[in-house]
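Thanks for coming. I will go through a few parts of one structure, so please keep the picture in view while I talk.

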Amino acid sequence: MRPVRIITILLFFILTRFIAAAQAIDAGIVKYAEKYNPEKAYLHYDKPAYAAGETIWFKAYMMSEVFPANESKSLYVDWIDDKGTLLQHTVSPILDAVTNGQYEIPSDYKGGYIHVRAYTKWMLNFDSAFLYNKTIRIINRNPNPALAKNTPVPVLGFFPEGGDIVAGIYNKVAFKANDQWGRPVKVKGILLDKQGKKIDSILSVHDGMGSFSFVPDPGMSYTVKWKDEKSVERNTPLPVIKQQGVTLQVIAAGTNRHLTIRYTAEAAAVSDTMHVVGTMHQHQAFKIARPASGPFIKATIPTNQLPSGILTVTVFDKNWKALAERITFVNNDEYRFQPEMEVQHWGLNKRARNEIKITIPDSLIANLSVSVTDYAIGTDSSTNIISHLLLSSELKGDIYNPAYYFTSNSEPVSQHLDLVMLTHGWRRYKWDDVIAGKIPKLKFERDTSYLSLSGKVYGVMPGQVPPGTEIILVVKQKDQEGKFLLVPVKTDGSFKDPSVILFDTAHVHYQFQKGKGLGDASVQFMTDKVPAPSVTAPVANANTAWNDTAGSYRQWLLTDEANDIANQFKIKTLENVTVRSRGKSPVQLMDEKYASGLFSGGDGYQFDVVNDPMAGGYMNIFNYLQGKVAGLQVNTGSNPPSLQWRGGAPQLYLDEVPADASFVSSVSVNDVAYIKVFRPPFMGGFNGGNGAIAIYTRRGDDVKQEPGKGLANNKISGYTAIKEFYSPNYSTFKQGNEQRDLRTTLYWNPSVIMAPQKREAILRFYNNDVSKAFRVVIEGMTIDGRLAHIEQIME
């Protein structure tokens with residue numbers, strides 16, 4: 001009886017361990033879903049390509065799993081040039097999982113594209129490959145010569161279904177051929193063993209992808225001899241053949257997935273049971289166990305009750321060690337809703353009025369973005385909100401033309417999508433860590449509150465900030481009165497006032513309460529704001545490097561002419577400004593009050609800063625002068641700022657004393673009363689051959705009393721200011737409408753809110769002077785996570 005009892009005890013402990021392992025994997029997946037659920041972002045732009053000087057308008061949609069991501073409150077967007085330099089780091093507030101904004105491309109930008117990287121603070125906890133990335137083409141007069149000289153170099157990669165090629169059993173191997181820009185390459189060839197014997201033929205069937213099947217011999221190696229579209233022959237070896245192991249085959253058949261697990265005799269001897277787990281959107285979809293008693297295991301998994309998306313199927317041995325893995329796409333089409341668009345008023349003539357009506361189904365609450373562009377400028381329909389959030393954002397590596405896979409549910413399209421699954425597989429989980437209950441360490445907390453005035457005290461030792469400490473803040477923003485704030489400081493030196501949400505820039509003056517021993521301390525503001533992660537030079541892809549179409553050329557011509565007209569109009573307006581009055585004008589009075597000697601009178605531009613209500617919104621004198629003097633070029637990007645006028649730099653004077661640009665830039669605009677710009681030559685001092693700029697500081701009754709004057713201060717920034725897209729109204733006369741209209745984006749509305757009580761929206765826009773047809777793109781998301789993308793042509 002004793003041996004039987006020992007065996008029973010051993011079996012009990014073995015069974016207990018298996019049950020514990022099974023429970024651990026269940027608990028681990030649940031823990032991942034609760035603690036580590038990622039967010040994903042998608043940006044809808046008003047058009048696919050831009051020229052220097054234009055504005056990129058965008059609307060961002062956020063999702064987590066299959067629902068809108070409502071927790072994070074700030075979206076960061078990095079605008080990166082083609083050399084890897086960060087052009088701007090913007091941040092927008094997220095409300096109900098959406099936000100919008102814009103980026104103004106510098107008028108002198110010479111690069112071929114701009115790379116966009118968008119993310120929330122929470123997304124930085126995950127692999128950087130899953131941040132939103134998009135490369136936008138910039139249309140220039142001269143295409144990039146380096147791209148034109150490069151010869152396409154095809155590369156062929158192999159992807160065994162399940163992860164490994166195993167000797168002695170049936171294997172399916174997918175392949176993918178593309179060049180260095182990600183463009184697919186058609187290939188054909190033959191599979192050879194190391195003796196040169198032909199085993200099978202290979203032929204790409206869609207966008208450079210295909211598959212073949214064979215049973216490799218033990219100890220044998222294999223090579224594929226293949227030719228590209230130009231009949232150039234190459235040889236690529238297959239991955240190393242494993243002598244024992246497991247393969248997994250998944251066949252999609254409507255709403256079912258048929259699984260076949262094959263294994264070598266050695267693998268079956270080690271594990272007499274195979275476990276299969278399906279995961280989707282961080283959650284467990286199914287779990288089954290089958291005995292490894294025959295040559296293979298078959299199972300059918302119904303998927304009609306699953307949400308659409310990527311289903312990961314993983315095979316484990318009896319000890320829950322992962323052996324094989326495969327992803328498959330489930331498309332139940334429940335993710336989609338379909339807005340209807342009806343043209344209620346056609347206006348294809350010059351400056352004619354257009355009206356479109358958008359209707360959504362009953363009971364839905366949706367947030368849409370709508371763009372209308374000149375049909376002839378071309379388009380990029382390779383990606384959209386559906387293909388990105390359901391497919392591209394879930395996989396590593398670029399997918400060529402992902403929108404194609406959502407054009408229909410036909411058998412050919414489904415088979416082509418399965419090739420994408422076979423050639424883009426990756427392991428979301430480290431299964432050993434999941435079973436052990438480990439999750440990756442989180443560096444960033446989710447920013448569940450909006451960016452507000454915050455900071456941290458530096459220059460003191462930890463614990464030296466006494467309880468009850470408060471900091472006095474004076475906050476001055478553009479076009480707003482200064483605010484006095486008294487904010488508590490925690491003992492760790494941090495402070496925050498959630499009631500002060502900042503847009504654009506602000507000056508903050510600060511002072512600590514006396515008697516707290518913090519006289520020498522300094523403050524770093526906006527510590528909750530995430531700086532841009534490290535930037536590397538982006539790589540041109542198929543959409544940016546090779547898309548020189550007639551539509552692109554038309555867009556460049558229209559934009560180039562529009563920029564010329566805008567510059568001419570600006571100069572003409574400046575040069576024709578005259579003042580006619582019987583009495584003395586305010587600037588004449590200022591000139592009499594401040595200018596003396598050769599600085600008085602003369603031919604030049606005069607600016608009464610005291611009575612200019614917009615002056616306080618400028619950061620320095622150079623910003624104030626930008627665009628106000630015809631021909632004067634002001635570069636505020638250099639340090640210090642620089643000036644160029646008629647071939648040279650004008651002389652600067654502060655209160656009629658020569659001064660350099662560095663000193664002048666430190667003078668607050670609020671301290672300035674009067675500015676006078678003299679056309680060259682200026683005879684009032686040396687070096688006046690290129691003109692002169694005289695700046696006069698306030699005195700007497702012109703001195704402006706400012707809150708916070710004399711306190712330590714910082715210039716800080718919060719959310720990037722969100723601008724409104726300008727769409728002209730030609731139903732009424734306006735002087736600015738007299739110039740030629742060459743807009744390529746005719747209408748952009750990032751915030752069309754729809755609800756059961758407001759199922760219809762009427763949108764109105766006016767044609768430009770040249771467009772003969774329009775492209776309307778509507779994208780959106782409902783509060784329960786359904787997505788929409790429609791594209792219609794008005795012609």
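Which residue in β23 does L311 stand opposite? It is T328. Before I go further, please note that this is a predicted model.

So where does that pair sit? Look at strand β22, residues 309-316. Eight bridges join β22 to β23, and the two strands run antiparallel. Both belong to an open sheet of four strands, and if you read across it the order is β20-β19-β22-β23. The pairing in this sheet is antiparallel. At the edges you find β20, residues 283-291, and β23, residues 322-330. Each of these edge strands pairs on one side only. From one strand to the next, the twist averages 15 degrees.

Now a helix. α5 covers residues 411-423, and it lies across β22 and β23. Against β23, helix α5 runs at about 150 degrees.

Next, another sheet. This one is open as well, and three strands form it, in the order β10-β11-β14. Again the pairing is antiparallel. Which strands stand at the edges here? They are β10, residues 155-160, and β14, residues 209-214. Each has a single partner strand, so one side of each is left without a neighbour in the sheet. The twist in this sheet averages 25 degrees from one strand to the next.

Within it, take β11, residues 171-178, which pairs with β14 in the antiparallel sense over six bridges. If you want a residue to look for, K172 stands opposite S213 in β14. And here α5 comes back: the helix packs on this sheet and touches β10, β11 and β14. The direction of α5 makes about 75 degrees with that of β14. To put the two views of the helix together, α5 lies across β22 and β23, and α5 also packs on the sheet that holds β10, β11 and β14.

Last, a single residue, T469. You will find T469 in the loop between β27, residues 453-458, and β28, residues 470-477. Is T469 buried or exposed? Its relative accessible area is 1%, and the cut-off for buried is under 20%, so T469 counts as buried. The side chain of T469 reaches the backbone oxygen of P466 at 2.6 Å. How far apart are T469 and Q513 in space? From C-alpha to C-alpha they are 7.2 Å apart, and in sequence they are 44 residues apart.

That is the end of my part.

Key
Residues are numbered from 1 along each chain as its sequence is written. This is a predicted model: local features need pLDDT of at least 70, side-chain atom pairs count only at pLDDT 80 or more; totals for chains, interfaces and linings use all residues. Side-chain values use heavy atoms; hydrogens and water are left out. Two strands pair if DSSP finds at least two bridges between them. Axes are lines fitted to C-alpha atoms, for helices over the stretch in contact, and angles run from 0 to 180 degrees between N-to-C directions. Contact means heavy atoms within 4.5 Å. Buried means under 20% relative accessible area, exposed over 50%, partly exposed in between (1.4 Å probe, protein chains only). A polar contact is a pair of N or O atoms within 3.5 Å; within protein, one must be able to donate a hydrogen and the other to accept it, and residues adjacent in sequence count only if both atoms are side-chain atoms.
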